[in-house]
Amino acid sequence: CIDIAGLPRHTGLFTYDSGFAATASCKSAITYIDGDEGVLLYRGYPIEQLADQSSFVEVAYLLMHGELPSKDELADFDHKIAHHTMMHEAFKNFLGGFRHDAHPMAMLVGMLGSMASFYHNDLDYDDPDERRLAAIRLIAKVPTIAAACYRYSVGWPLRYPRNNVEYVERFLRMMYEVPSEPLVLNPVAAKALDLLFILHADHEQNASTSTVRLVGSTGANPYVCVASGVAALWGPAHGGANEAVLKMLDEIGDAKNVQSAVDRAKDKESGFRLMGFGHRVYKNFDPRAKIIREMCHKVLDELGVDDPLLEVAMRLEEVALKDDYFVERKLYPNVDFYSGIIYKALKIPTDMFTVMFAIARTAGWVAHWLEQQTDPEFRIGRPRQIYTGARTRDYVGIDRR
Ligand code: ACO
């Protein structure tokens with residue numbers, strides 16, 4: 001067996017699959033996607049039904065435990081989350097070390113990594129209760145840390161979590177300056193955010209979840225596993241797309257400029273892609289995008305927001321969906337296409353969009369980490385490569401080079 005560089009290989013046959021487009025890295029019972037039909041199920045439940053009838057906390061329970069909770073189980077789970085929302089006071093010292101204008105995703109990666117230093121020695125990986133406690137701590141504390149990162153970046157004093165309110169309202173109360181900010185108390189705003197969290201909670205082996213699993217496969221502490229997931233999420237080809245979509249819509253500026261943006265996206269030389277379009281797995285409408293699109297109209301109507309970017313987005317969708325380039329490549333709007341417009345209407349700053357995604361996806365990351373820990377086939381993830389470098393050669397001393 002010879003490698004590309006002509007060197008012998010003694011490890012038998014293995015496959016090359018750039019970007020893992022056709023390679024399963026694990027077995028999982030959490031999320032099912034049928035990309036051709038546009039189907040998404042969490043633990044067997046259609047995303048449409050969960051979006052309509054469930055809540056983010058219930059979905060987090062479902063992802064972690066595999067079944068919907070009873071009333072008592074949900075109350076207990078909710079109580080545990082509320083109990084773990086506080087951050088150790090020493091976290092403030094970490095925050096204080098960041099530049100005042102640091103991107104909140106950069107802060108979130110660092111802050112979550114630092115959690116491992118607070119909760120390392122007390123974690124017994126063999127004890128399922130201990131593992132679940134780590135998962136609950138993460139679901140509980142990520143919104144507190146996220147809001148703290150934002151408040152630090154705008155120079156506001158930190159606000160402690162209120163534990164007698166629901167998950168989404170608790171986060172909104174920590175984010176905004178004025179406690180009576182009408183948005184916090186507006187049920188449509190809270191419902192919209194809860195819905196976005198449900199839709200973003202899990203999506204099987206996407207780049208960030210696979211990263212969490214790869215890091216988890218080494219036996220690393222769960223807090224750094226999730227920190228690595230946040231880092232992977234940040235890129236514009238993944239979770240960072242929601243921020244990129246809004247910037248793109250802003251740049252397009254007016255519905256009359258849409259056609260030229262679409263033409264530019266078709267030109268490979270331009271290096272420009274329509275952000276919020278296309279998906280590795282969905283070759284049909286992303287079912288989450290359909291739900292978000294509907295919610296987007298509702299939120300703007302309810303909050304009385306007349307956002308010209310919505311018109312640009314709708315025109316873009318219309319033009320792209322009729323264009324042969326996008327039709328042939330099955331490039332449809334994905335989950336991030338409309339979410340930014342909702343976040344904007346909720347007065348969430350643009351550089352917090354991917355942080356919002358991270359809050360929701362934490363539920364999926366911890367569910368995958370938990371599943372992995374009890375996998376009978378659990379072993380370290382170790383991809384191979386096709387070596388394309390130099391053949392064996394002799395070292396040349398520096399004075400002879
Ligand atoms: N705009 C223009 N052309 C595109 C786009 C786009 N948004 N997406 C894909 N294409 C084209 C590619 O140039 C390629 O064309 P070719 O066959 O002529 O070479 C073809 O469609 C296939 O694209 P790939 O990059 O091979 O598809 P892949 O599955 O690797 O990438 C991805 C998927 C990263 C999502 C891609 O569609 C993209 O960059 N989209 C924009 C960013 C985005 O919205 N990301 C969010 C994804 S959802 C999420 O992570 C939550």
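Mentor: Buried means 20 or more other C-beta atoms, placed from the backbone, within 10 Å of a residue's own. Helices are DSSP runs of H or I, at least four residues, numbered from the N terminus. This is a predicted model, where local features need pLDDT of at least 70, side-chain atom pairs count only at pLDDT 80 or more, and totals for chains, interfaces and linings use all residues. Residues are numbered from 1 along each chain as its sequence is written.

Trainee: Which helices do the buried residues of α17 pack against?

Mentor: Those buried residues include Asp-336 and Lys-344 as well as Ile-342. Contact here means C-beta atoms, placed from the backbone, within 7 Å. The partners are α9 (187-200), α12 (241-252), α14 (287-303), α15 (308-322) and α18 (353-373).

Trainee: Which residue just after α17 takes a positive phi?

Mentor: The helix ends its buried run with residues such as Ala-345. Just after α17, a positive phi of about 60 degrees belongs to Lys-347.

Trainee: What does Val-230 contact, leaving aside its neighbours within four places in sequence?

Mentor: Val-230 is among the residues touching the most other members of the largest nonpolar core, which has 121 residues. Such a core joins buried Ala, Val, Leu, Ile, Met, Phe, Trp, Tyr and Cys through C-beta atoms within 7 Å. Its contacts are Met-105, Leu-108, Val-109, Leu-112 and Ala-358.

Trainee: What share of the protein chain's residues is buried?

Mentor: The chain has 401 residues. Its buried share is 42%.

Definitions and conventions:
A residue is buried if 20 or more other C-beta atoms lie within 10 Å of its own, exposed if 12 or fewer, and partly exposed in between; C-beta atoms are placed from the backbone. Two residues are in contact if their C-beta atoms, placed from the backbone, lie within 7 Å. Helices (H or I, at least four residues) and strands (E, at least two) are DSSP runs, numbered from the N terminus.
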